[in-house]
2 protein chains.
Amino acid sequence: MKSDLPALMEARGLDALIILGDAMHNPAMTYFTGVKHVTDGVLVVKRGEEPVLFYHNMERDEAAATGLQTRSITDYNYRDIYEQEGKNPLRATARLYQRMLIDAGLTAGKVAVYGQRDAGETFGLISGLQELLPNIEFVGEYKDSLLLQARATKDPQEIEQMRSVAQSTVEVVGQVADFLSRQKDVGGVLTGEDGQQVTVAKVKSLINRLLAERGMDNPHGTIFAPGAEGGVPHSQGSPDAPLRLGEPIVFDIYPVQAGGGYFADFTRTWCIGHATPEAQALYDDVRAVFDTVMGELKTGVHGTVYQDRVCELFEAQGHPTVRQNPLTRNGYVHSFAHGLGLDIHERPSTGRDTTAEDVLKPGMVITVEPGLYYPERGLGVRIEDAVYMHPDGHIEILAPYPYDLVIPLKS
Amino acid sequence: MKSDLPALMEARGLDALIILGDAMHNPAMTYFTGVKHVTDGVLVVKRGEEPVLFYHNMERDEAAATGLQTRSITDYNYRDIYEQEGKNPLRATARLYQRMLIDAGLTAGKVAVYGQRDAGETFGLISGLQELLPNIEFVGEYKDSLLLQARATKDPQEIEQMRSVAQSTVEVVGQVADFLSRQKDVGGVLTGEDGQQVTVAKVKSLINRLLAERGMDNPHGTIFAPGAEGGVPHSQGSPDAPLRLGEPIVFDIYPVQAGGGYFADFTRTWCIGHATPEAQALYDDVRAVFDTVMGELKTGVHGTVYQDRVCELFEAQGHPTVRQNPLTRNGYVHSFAHGLGLDIHERPSTGRDTTAEDVLKPGMVITVEPGLYYPERGLGVRIEDAVYMHPDGHIEILAPYPYDLVIPLKS
């Protein structure tokens with residue numbers, strides 16, 4: 001968590017972090033600022049010191065609302081620098097950043113870089129800055145970054161926000177279930193009062209409205225994938241697809257607090273009206289593995305131990321798994337869990353890029369999401385909850401919601 | 001526009017572009033893919049050849065829906081590479097990307113890099129890739145990039161999408177005006193049927209619901225800034241702020257097609273019930289300048305000519321401007337226009353980073369947004385429309401909407 005930063009920085013020999021970009025939909029920045037309408041800012045975090053936020057004048061009120069120490073970028077008068085640098089925007093911006101870093105007392109040492117920005121701009125800017133500040137060693141970490149390591153465990157204020165967005169999300173899920181249950185069965189296809197088929201697009205429009213009403217953004221969309229589409233884990237569901245009764249629908253919803261704060265991540269698989277025997281059987285297998293792993297989950301164990309365990313359990317049921325064949329498209333094809341926070345996927349990882357650091361620790365929030373996929377047979381099933389691993393070892397489901405496979409029709 | 005790319009690449013001596021990241025909320029990528037649920041992809045665009053998209057297996061259906069040539073990243077078996085590279089995720093990923101680029105036939109030449117990603121990851125990855133592929137010169141352009149230059153002019157398909165999102169946006173604006181007009185005046189403060197004051201937060205919640213219903217995301221929020229907050233151009237409006245009758249409210253709305261396609265950008269300033277004489281006078285000044293500049297706008301003229309013109313007109317009215325003092329916080333404090341498209345702010349620029357390229361050209365979509373700000377006097381006024389500069393010279397407002405300052409109450 002954030003209070004670990006000085007020790008983590010010392011362990012990695014980092015003297016400072018610089019974080020670039022907006023304070024919305026930019027996890028590294030909002031980790032320090034909260035969600036604020038600060039664009040194209042620069043945050044300097046020196047080890048053991050208070051962070052300093054450089055902002056543009058038009059956003060001075062928003063910058064002040066972060067509660068951080070602030071300095072105006074506008075006061076550096078970019079236009080003059082731009083003229084001095086022959087109207088070359090890359091050289092001028094590197095010069096501007098050089099001056100800001102010098103004023104922040106950062107002229108030497110090892111400095112890690114973060115923040116969502118255009119890749120080309122970043123590569124050009126940091127390379128240029130490296131030439132202007134040769135006594136600084138700029139470091140670009142990958143996947144296992146210090147900031148991701150700090151963010152892997154959450155403090156109580158973060159957990160409160162994560163519970164809130166998770167709770168709002170399951171409320172939306174409940175409203176969607178209620179909406180579906182009030183439609184009609186016309187020849188095996190879900191149909192509205194108006195005689196129109198209920199499409200994936202219609203359900204997603206409802207989801208977006210309900211999320212917006214509760215103060216959530218949905219930047220990555222929603223998976224609402226019926227039948228064969230649910231057999232491919234990340235297929236979103238074709239907008240015009242009808243919903244056939246009995247067929248499983250994978251409903252994976254992962255909204256974020258408005259402006260880009262903490263994410264929820266939640267999946268249920270539903271059959272409307274009734275479940276086909278094939279869907280019920282696949283669901284029962286996933287549910288059994290989900291319950292077993294949830295019961296066994298504890299801190300101090302490396303995440304991959306559970307990934308192995310999930311593979312073992314699915315294999316015992318007769319399903320192919322990624323453990324047997326990393327390229328399989330049938331059976332259990334992904335990893336069982338991932339960290340959740342300001343990103344949908346953060347540390348710990350139990351997938352292809354897991355490291356020794358990915359031991360489950362008190363303070364972590366992870367999803368648990370076993371699933372089975374048979375695209376050629378036209379179905380997939382996934383169940384996912386996000387859990388908080390309490391310091392006392394207790395495992396809390398952030399927002400409990402029933403696991404029923406079938407959404408019965410009310411009429 | 002996109003068809004200009006081969007010529008633009010030749011002019012800059014670029015042999016290829018590589019675009020990194022998701023196909024949602026990532027303008028450089030969605031420019032080629034459309035909005036698709038493809039995460040952590042790599043697009044290789046060689047000069048004069050069809051682009052090739054590398055995707056992960058779980059998203060194969062979404063990748064196929066782009067209509068581009070596709071190749072699976074999963075087939076490279078990252079886990080093996082990761083083991084070979086001593087479980088170092090940066091080295092392993094650089095090696096993976098090296099293999100993909102080689103298979104795409106990219107082993108030499110000048111290659112520009114694009115795409116929204118974490119700054120540190122990009123800097124590390126491209127630096128690592130540069131070592132593995134020494135015959136490639138990786139280029140990070142800044143602000144004046146080739147892709148931004150291409151995107152500055154739009155083709156008819158893009159204009160159709162931009163008209164659509166602009167039209168949906170003014171429909172929402174109209175519904176917000178209607179909502180406000182149906183509230184009551186209680187002691188000079190806008191108040192609902194339920195006796196509660198109508199706050200900024202309440203209006204924004206309505207805006208988000210209406211946008212979601214029409215298939216738009218609102219990742220950057222909305223400016224709905226009453227009184228003194230409207231006197232600072234990018235203040236968002238405090239959630240709990242009440243709306244006082246007569247006081248100007250700056251309402252700047254900039255949603256995007258769901259998943260991150262084209263943006264709208266639109267501003268009106270409203271006084272509810274009536275306008276104070278001070279607000280009316282400031283509004284009349286801005287409106288006069290807006291009308292004059294809209295009447296004078298034509299292609300073939302550099303954007304800064306109009307910025308000068310706006311300054312001249314405001315100065316003649318007695319207002320301070322950025323032309324006299326780049327750091328002024330009173331009067332006219334920003335630039336009059338910016339390009340609009342897959343980003344809210346793109347080329348052309350008429351502000352501090354303008355270049356010789358920023359001549360207004362047929363095919364461009366720009367906002368026109370003069371404004372006046374007096375934070376100490378407690379008010380600001382801005383008017384903004386987005387216009388399309390037709391190839392025949394005609395200037396089209398993408399979504400016309402009335403300019404009335406006062407929203408009369410219905411009861």
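**View 1. Strands E1 and E2 of chain B pair in the antiparallel sense.** Strand E1 (residues 16–21) and E2 (residues 41–46) of chain B are joined over six bridges; strands pair if DSSP finds at least two bridges between them. Helices (H or I, at least four residues) and strands (E, at least two) are DSSP runs, numbered from the N terminus. The model is predicted: local features need pLDDT of at least 70, side-chain atom pairs count only at pLDDT 80 or more, and totals for chains, interfaces and linings use all residues. Residues are numbered from 1 along each chain as its sequence is written, while chains are lettered from A and ligands numbered from 1 in the order in which they are written. The bridge partner of Ile18(B) in E2(B) is Val44(B). On its other pairing, E2(B) meets strand E3 (residues 52–55) of chain B, antiparallel over three bridges. There Val44(B) stands opposite Val52(B). Five residues lie between the strands of the E2(B)–E3(B) hairpin, where Gly48(B) takes a positive phi near 75 degrees.

**View 2. Both faces of E2(B) are covered.** Six of the six residues of E2(B) are buried, so the strand is largely enclosed by the rest of the structure. Buried means 20 or more other C-beta atoms within 10 Å of the residue's own; exposed means 12 or fewer; partly exposed lies in between; C-beta atoms are placed from the backbone. Gly41(B), Leu43(B) and Val45(B) take one side. Val42(B), Val44(B) and Lys46(B) take the other. In a regular strand the side chains alternate between the two faces of the sheet.

**View 3. Six strands of chain A form an open, mixed sheet.** The order is E4-E3-E2-E1-E5-E7. Strand E4 (69–72) and strand E7 (136–139) stand at the edges with a single partner strand each, so one side of each has no neighbour in the sheet. Neighbouring strands are turned by 25 degrees against each other on average, direction ignored. Strand E1 (residues 16–21) and strand E5 (residues 109–114) of chain A pair in the parallel sense over four bridges. Ile18(A) stands opposite Val113(A) in E5(A). Helix H6 (residues 119–132) of chain B lies across E1, E5 and E7 of chain A, at about 110 degrees to E5(A). Axes are lines fitted to C-alpha atoms, for helices over the stretch in contact; angles run from 0 to 180 degrees between N-to-C directions.

**View 4. Ile18(A) belongs to the largest nonpolar core.** That core has 244 residues; Ile18(A), Val44(A), Ile18(B) and Val44(B) are among those with the most contacts inside it. A nonpolar core is a set of buried Ala, Val, Leu, Ile, Met, Phe, Trp, Tyr and Cys residues joined through C-beta atoms within 7 Å. Beyond four places in sequence, Ile18(A) touches Val42(A), Leu43(A), Val44(A), Val111(A) and Val113(A). Contact means C-beta atoms, placed from the backbone, within 7 Å.

**View 5. Helix H11 (residues 303–316) of chain A has one buried face.** Gly303(A), Tyr306(A), Gln307(A), Val310(A), Cys311(A) and Phe314(A) are buried. The buried residues fall within an arc of 145 degrees down the axis of H11(A), so they line one face; the arc is that of the directions from the helix axis to the C-beta atoms. The face turned away carries the exposed residues Glu312(A) and Ala316(A). Among the elements covering the buried residues are helix H10 (277–296) and strand E15 (337–339) of chain A. Gly318(A) follows H11(A), with a positive phi near 95 degrees.

How values were computed. Two residues are in contact if their C-beta atoms, placed from the backbone, lie within 7 Å. The expected span of a helix is 1.5 Å times one less than its number of residues.
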